[in-house]
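Biologist: I am new to this structure. Could we go through it by question and answer?

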Number of protein chains: 2
Amino acid sequence: MTGLPHGLLDREACAALDAADRLAPLRGRFLLDDGLIYLDGNSLGALPAATPPRLATVVTEEWGRGLIRSWTAAGWIDAPRRLGDRVAPLVGARPGEVLVADSTSVNLFKLLGAAVQARPGRRVILSHQGNFPADLYVAQGLCELLEGRCELRTVPPAALEAAVDEQVAVLMVTHVDYATGAVADMAGLCAAARRHGALGLWDLSHSTAALPVDLGGCGADLAVGCGYKYLNGGPGAPAFLYVAERLQGTLRSPLRGWMGHAEPFAFEPGHRQAPGVEGFLCGTPPILGMAALEAALDLWAEVDLEAVRAKSMLLGDLLVRLVDERCSGLGLELASPREAARRGSQVALRHADGYRVVRALVDRGVIGDFRAPDIVRLGLAPLYLRHVDVWDAVEALREVLATGAHERPEYAVRAAVT
Amino acid sequence: MTGLPHGLLDREACAALDAADRLAPLRGRFLLDDGLIYLDGNSLGALPAATPPRLATVVTEEWGRGLIRSWTAAGWIDAPRRLGDRVAPLVGARPGEVLVADSTSVNLFKLLGAAVQARPGRRVILSHQGNFPADLYVAQGLCELLEGRCELRTVPPAALEAAVDEQVAVLMVTHVDYATGAVADMAGLCAAARRHGALGLWDLSHSTAALPVDLGGCGADLAVGCGYKYLNGGPGAPAFLYVAERLQGTLRSPLRGWMGHAEPFAFEPGHRQAPGVEGFLCGTPPILGMAALEAALDLWAEVDLEAVRAKSMLLGDLLVRLVDERCSGLGLELASPREAARRGSQVALRHADGYRVVRALVDRGVIGDFRAPDIVRLGLAPLYLRHVDVWDAVEALREVLATGAHERPEYAVRAAVT
């Protein structure tokens, strides 16, 4: 059951889907230029209308007038935990299990380092081939620093469960694949980790606020995630980390700073880790980024994530079907799972000239992105994407490929497409 | 030669110093409430007037309209290096030696980890007792993670030079003491480190933009510093790190991320560290915080740091002399060096009831801060502090102590004073 009409799919049918979309009014809560079709909310979420005034207040009132007093008077000091408690329900965590701080990679290092220290007899960090390279880099850096104390082992995603054994200290999995959007089996892999005494660590960057995640229900141990994708926290927004409550008393963060001390203002020479998830704080929190993310979380607090997921699956099915129906023979191949339930909130299409195709689409006001070697990645952010946008995007894609517009010489220049 | 008049110091004499102050017009470049005497610019710098409109543009135009395209079109991707190149002249570094990224503590971990890896036969991280506790915590976390591969050794500051030996991998010194403001001998300690083959790592949090620093001239190897103190980058602003060019080819950052990869968008499974200081990038840069810091750096680009230092020393000498002349017998003891050349841009006064005194001053519109166990810390940010402010602050201090106002019961409550 896709929810798509069985008959002819045309732009009017898409407009009818928009008319029936209960989430449609949320688009008005974002500042988005008309005429732009934004299929990159999985890389940088759009700007909530509430964010500019919120930031202006934080800057001119809290910083400008409150100055240092705002650390307590404006609640800056509590922001990592306060925002964490608002991310928690989106990922199936409880209050006190999530912290907003630092970048995803830095948080991953904290948790990997803590996990390796917590499993002293085990030397393997197990992950999957095709995992987001940055996550592999973080593990590589840790292993090199530890001079052979641990090693990164990667296996094909399908072999992951069978590869968990008593040598594995931590199983590091990205929940929704950054390229294809394939959803990993969190419950099954958590169970495998548990059976073998390994810790399970999840990267939720492409799942958070895109689909319901149940860290608690799956028995996940650790997780990290990104603030600037579906959460709409802004460019380089602070990231989050999750430490299951049952582990908070035993895990030690390798990145110690004064904010993670039990009494930051006691200025003791020795580190005593704060109880709770706050022990994973390190330096001073980035208040401007936190303020933007908090404004975005206000919006998420109003939204039913199940409804978001339903719309996301419908948008994805629509995109897949339109590509099937209208772009056949144009060199596209679906790289994402065809089944909506196994797919995150994006559709990836392989094309031999993927990079050129993405650039030609951008010139037509359709913003997607390219992921090496050949993936045209189209993100579907249900809070602000319309079904007619999907129609128009596929039409633009068809026009580009049918006319060979992507073969124009200027698209051959290889510049960064983030 | 203090530059202070020899005769009677009264408020009019202070006003005359303001009238002769070439930096006085810079105060107009900050948004500061009248009637507030802000002596905490060494903890959180004041808000530059240019920052709110700059941030508004970055948010609504670059993020809101440019969206993902702004990573290249608005130069976001180059911000860590671009801002680093603007911090460089303030600390005696060359273009390409400084990077703006992450927090001071996270950057310190990167450099300590790199230093320990670069000196495999040596097990000691040498630092000084009374160093900023967070710096010691970072070293402790690294040592614990490395399970005895290295240890943190601290000695009294005066014993530091003699304690450098062939066991020392890295000498970690804070240039200006966070509590007393005492300035360490950078040239002498760098020479000692060099003689013994150790790396010298400097925390410039309380020196950057407070006094000229000559990392290059002193032969410093590594450094970190803070963006939210004298630089005025905003609460939790991104920090910076410095790696001397001669070391960039050999040092490896233990915090690997995609931004530190030689080709971030190649999405290779193995990490190849970017050449140059960019190799010490980790995750995605916090663009909102970067934008605020860049606006503040615009202001610093106009300022002669020698003139700032001269005013800073004069303000400090004025404060010391006024406390001597007007607060004698009131239980205050100078904790900072009396000689201006050995003192950063702050004056620390010990008082048995220091915490209460700071709170009573805050209620009189004089914002300083308290550092355990007994230090009233008064920061002197020359870009926006007037000589009459120093007069008024000392008068408020005298009034509090002479009347016992700090003994009022509400000041006994121990709340965080950042």
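Biologist: In which helix of chain B is the place of B:D389?

Modeller: This is a predicted model. The helix in question covers residues 387–403 of chain B, and B:D389 has its place there. The name of that helix is α13.

Biologist: Does B:D389 count as buried or exposed?

Modeller: A residue is buried when its relative accessible area is under 20%. For B:D389 the relative accessibility is 2%, so this residue counts as buried.

Biologist: Which residues is B:D389 in contact with, leaving aside its neighbours within four places in sequence?

Modeller: Contact here means heavy atoms within 4.5 Å. With neighbours within four places in sequence left aside, the residues in contact with B:D389 are B:R27, B:I37 and B:Y384.

Biologist: Where does A:T250 lie, and is A:T250 buried or exposed?

Modeller: A:T250 lies in the loop of chain A between β10 (240–243) and α10 (287–301). Exposed means over 50% relative accessible area. A:T250 has 59% relative accessibility and therefore counts as exposed.

Biologist: What separation do the C-alpha atoms of A:T250 and A:P269 have?

Modeller: Along the chain, A:T250 and A:P269 are 19 residues apart.

Biologist: At what angle do the axes of α2 and α10 of chain B cross?

Modeller: Helix α2 of chain B spans residues 51–66 and helix α10 of chain B spans residues 287–301. Their crossing is right-handed. The two axes come within 9 Å and cross at roughly 145°.

Biologist: How many nonpolar, polar and charged residues does the contact of α2(B) with α10(B) have?

Modeller: On the α2(B) side, the contact is made by B:T51, B:R54, B:L55, B:V58 and B:V59. On the α10(B) side, B:I287, B:L288, B:A291, B:A292, B:E294, B:A295 and B:D298 take part. Sorted by class, the contact has eight nonpolar, one polar and three charged residues.

Biologist: Which residues have the most contacts inside the largest nonpolar core?

Modeller: The largest nonpolar core has 248 residues. Among the residues that B:L112 touches are B:I125, B:V138 and B:L201. Those with the most contacts inside the core are A:L112 and B:L112.

Biologist: What axis relates the two copies?

Modeller: Chain B can be laid on chain A by a turn of 180° and a shift of 0.0 Å along the axis, with an RMSD of 0.0 Å. The copies are thus related as by a two-fold rotation axis.

Definitions and conventions: Residues numbered from 1 in each chain as written. Chains lettered and ligands numbered in written order. Predicted model: local features only at pLDDT ≥ 70, side-chain atom pairs only at ≥ 80, totals over all residues. Heavy atoms only, no water. Axes fitted to C-alpha atoms, helices over the stretch in contact; angles between N-to-C directions. Helix = DSSP H or I, 4+ residues; strand = E, 2+ residues; numbered from the N terminus. Left-handed = near helix turned anticlockwise from the far one by under 90°. Nonpolar A, V, L, I, M, F, W, Y, C, P; charged D, E, K, R; others polar. Core = buried A, V, L, I, M, F, W, Y, C linked by side-chain atoms within 4.5 Å. Buried < 20%, exposed > 50% of the residue type's maximum accessible area, 1.4 Å probe, protein only. Least-squares fit on C-alpha atoms with pLDDT ≥ 70 in both.
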